[in-house]
Amino acid sequence: MGAALITVNAGVATVYSSGDLSSLAGVSALSDIIITKNAQTPAGDPVVVDLTTGLAGVSALSGITVQNGATAKVGGGLLNANVGTGLTVNGGVLDLQGNLIGANVLHAVNVGPEGGEIKVEPTGLSVGVLDLPINFVDAHGNSTNTIPANFVMDFPSAKSIPAYYDKITNTTTIGDGISLLGIVGAGRTITLQGDVFDLKDNGTANGWPAVLGYSYNFTQSDGNGGVITCYLSGSMIRTPNGDVTVEDIRIGDEIVTFDWRNNKDVVHPVVWVGKAHATVRPDLSDDEAGWPVRILKDAIADGVPYKDMLITSEHCLFFKDRFVPVRMLVNGISIFYDKSIASYDYYHVETEQHSVITADGMLTESYLDTGNRSSFRQEGTVVALHGAAKSWKDDAGAPLGVERSFVEPLFRAIEWRENSIFGCRVAEEKLETTNDPDLHLITDAGAVVRPMRKTTQQYSFMLPPNTQSVRIISRTSRPADVIGPFVDDRRYMGVAVGEVHLLCAKRSYEITSHLTTKKPEGWHADTGKKGVAWTNGNAQMSLDGHLTHGKMGILSMNIHAAGPYLLPEQKTEMKKLQSA
């Protein structure tokens with residue numbers, strides 16, 4: 001790692017590119033270091049700065065601040081020399097290289113109103129504990145009990161993270177250096193003032209006969225991450241009297257809706273509120289598993305949303321004149337499935353007519369009862385009676401926009417904003433694909449038949465005697481996976497089959513069952529192209545009894561389209577990513 005780009009003014013060094021601080025060696029009267037992204041930061045530079053080594057000639061450093069999406073790798077060097085023990089995170093990432101930091105060196109870390117991330121790497125300590133007290137401060141530097149919505153604690157490699165709230169000291173300790181009984185051992189801990197995780201309500205009481213504290217074990221759904229987020233205060237719904245958390249909305253309350261046809265706000269009463277609980281099924285695809293979608297602050301536009309937003313994947317956002325399911329905008333960077341949350345409550349608010357409402361500064365939708373109301377528990381004591389289920393076609397407050405021509409430009413515009421948003425994830429490498437369908441047949445007797453001949457579009461198979469039916473087997477892919485989530489097609493597509501002929505005893509028979517309205521198992525319904533039908537990767541085809549009495553035959557089929565498909569190892573990698 002080379003030297004970072006740095007400016008020094010009045011004893012304050014501003015570091016605005018990735019690298020180390022070697023260029024600061026010998027700088028006299030250096031009091032503070034600020035690590036940040038700014039207008040001078042080279043395009044695409046994530047600004048990751050190495051602070052793990054000492055600085056020759058620097059002995060009076062009083063503070064290090066990391067902000068605006070930059071990352072500071074801290075440990076050893078400056079800290080062990082007791083040069084810089086005042087650390088502040090305000091919208092940046094503080095990556096503590098635990099194996100380089102001596103125990104009892106770090107006295108505290110201040111977290112500013114913009115939040116940020118504190119990552120505590122494995123300590124490598126066989127005895128003792130790296131204990132990190134955290135103080136929250138407001139914009140003026142004064143202590144506060146308000147935890148920023150964007151504050152994240154990360155314990156890499158930890159499969160579970162115990163937390164303990166001590167009633168006597170009114171502090172919560174979290175990390176793998178503490179047992180569920182609150183006993184500190186070897187490892188990593190972070191100490192926070194107050195019962196920040198509501199352990200009195202959610203944890204297990206410890207102590208007898210008097211309760212001394214409460215414990216809870218945060219378990220990662222994938223067993224690999226170790227990320228614990230301070231729960232966002234619920235989604236903020238706009239009302240005539242200001243924004244109110246969704247869990248505090250009650251029947252009869254008034255909320256502000258947007259009349260997009262006349263471009264004005266209208267106040268409507270709430271006629272129903274509901275609450276449901278979701279548990280993620282990580283064995284399914286991301287968009288079907290139930291992971292909540294996190295939309296980072298400013299991901300859509302400046303101030304939209306005005307804080308991180310958590311919604312379910314099918315929930316719709318409003319753009320221009322229509323609703324778009326958020327799953328179609330997931331880019332994995334500024335809008336992503338939050339896999340640190342495997343079980344959660346979610347809420348719905350209903351107005352008399354399906355409406356455009358504002359949550360967290362983002363235009364979104366009120367509840368539309370399409371027949372799933374019974375899955376929600378009604379909040380409050382007022383009982384509201386409702387009639388038949390509604391439909392998007394007849395009752396939606398705006399059209400549902402899932403056409404690629406509408407959604408992809410939105411997706412690209414959001415993608416273009418990624419470099420200016422704090423907290424964006426690193427883009428994953430593009431997964432490899434192939435257009436080879438690996439097409440083969442399995443007969444009703446279980447024999448696997450590979451093609452005897454194949455061209456770009458035609459495959460021919462030699463069938464054993466007395467074969468009554470075959471299954472057409474191929475690779476599969478979902479267009480939403482291999483093209484992009486802005487394609488609203490989540491079916492598993494195999495190959496597109498056109499004309500099929502069976503040659504037997506010098507006669508040719510045309511097989512057309514896959515082109516009929518009522519198709520055999522494994523064929524998708526009409527896809528809009530006459531004379532062609534798509535398989536789902538495992539489609540049945542009857543040979544109409546032509547291969548009897550020991551007759552063999554050659555089955556030829558025209559393949560009009562195939563792929564792209566994720567390679568087998570890429571599918572495995574995708575499942576790993578889905579569980580990360």
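Of the contacts in this chain between residues with a separation of 6 or more, 63% are made by residues 24 or more positions apart, where contact means heavy atoms within 4.5 Å. Please keep in mind that this is a predicted model, in which local features need pLDDT of at least 70 and side-chain atom pairs count only at pLDDT 80 or more, while totals for chains, interfaces and linings use all residues. Residues are numbered from 1 along each chain as its sequence is written, and side-chain values use heavy atoms, with hydrogens and water left out.

As for confidence, pLDDT is the predictor's own confidence in each residue, from 0 to 100, and its mean over the chain is 78, with 76% of the residues reaching 70 or more. Residues 177-187 have a pLDDT below 50, and this stretch has 37 contacts in the model beyond near neighbours in sequence. Residues 220-233 are also below 50 in pLDDT, and that stretch has 51 such contacts.

Turning to the overall build, the chain has 7 helices and 44 strands; these are DSSP runs numbered from the N terminus, H or I over at least four residues for helices and E over at least two for strands. Of the 580 residues, 47% are buried, and here buried means under 20% relative accessible area, exposed means over 50%, and partly exposed lies in between, using a 1.4 Å probe and protein chains only.

Let me move to the interior. In soluble globular proteins, nonpolar side chains tend to be buried together. A nonpolar core is a set of buried Ala, Val, Leu, Ile, Met, Phe, Trp, Tyr and Cys residues joined through side-chain atoms within 4.5 Å, and the largest one in this model has 41 residues, with I295, L317, F319, V324, L329 and I335 having the most contacts inside it. Several elements supply at least two residues each, among them strand 23 (264-279), strand 29 (343-351) and helix 5 (404-416), and the largest share, 5 residues, comes from helix 5. If you find L317 in the structure, you will see that, not counting residues up to four places away in sequence, L317 touches residues including I295, M309, I311, V324 and L329. A second, separate core of 35 residues includes L96, V120, L192 and Y214.

Next come the charged pairs. Side chains of opposite charge can pair when their charged atoms come close. The structure holds 25 salt bridges, each being a side-chain nitrogen of Lys or Arg within 4 Å of a carboxyl oxygen of Asp or Glu. In one of them, R327 and E314 meet at 2.9 Å, N to O. R327 lies in the loop between strand 27 (322-325) and strand 28, and E314 in the loop between strand 25 and strand 26, so the pair ties together parts that are 13 residues apart in sequence. R327 counts as buried, at 8% relative accessibility, whereas E314 is partly exposed at 38%. Both belong to a network of salt bridges that also links D287, E288, R478, D481, D488 and R490. Elsewhere, D438 and R450 form a salt bridge, also at 2.9 Å, N to O.

What about the backbone? Most residues other than glycine have a negative phi, and most peptide bonds are trans. V47, although it is not a glycine, has a positive phi of about 55 degrees, and K506, also not a glycine, has one of about 60 degrees. Which of these two is buried and which exposed? V47 is buried, with a relative accessible area of 0%, while K506 counts as exposed at 87%. The peptide bond from V304 to P305 is cis, with omega near -10 degrees, and the bond from G563 to P564 is cis as well, with omega near 0 degrees.

Finally, consider the loop between strand 42 (538-542) and strand 43 (553-562), where M552 is found. D544 lies in that loop too, and its C-alpha is 8.1 Å from that of I511, although the two are 33 residues apart in sequence. M552 is partly exposed at 45%, and M452, M462 and M552 form a nonpolar surface patch with about 270 Å² of accessible area together.

How values were computed:
Patches are made of residues with over 30% relative accessible area and no salt bridge: like charges are joined within 9 Å, nonpolar side chains (Val, Leu, Ile, Met, Phe, Trp, Tyr) within 5 Å. Accessible areas come from the Shrake-Rupley method with a 1.4 Å probe; for residues, only the protein chains shown count as cover.
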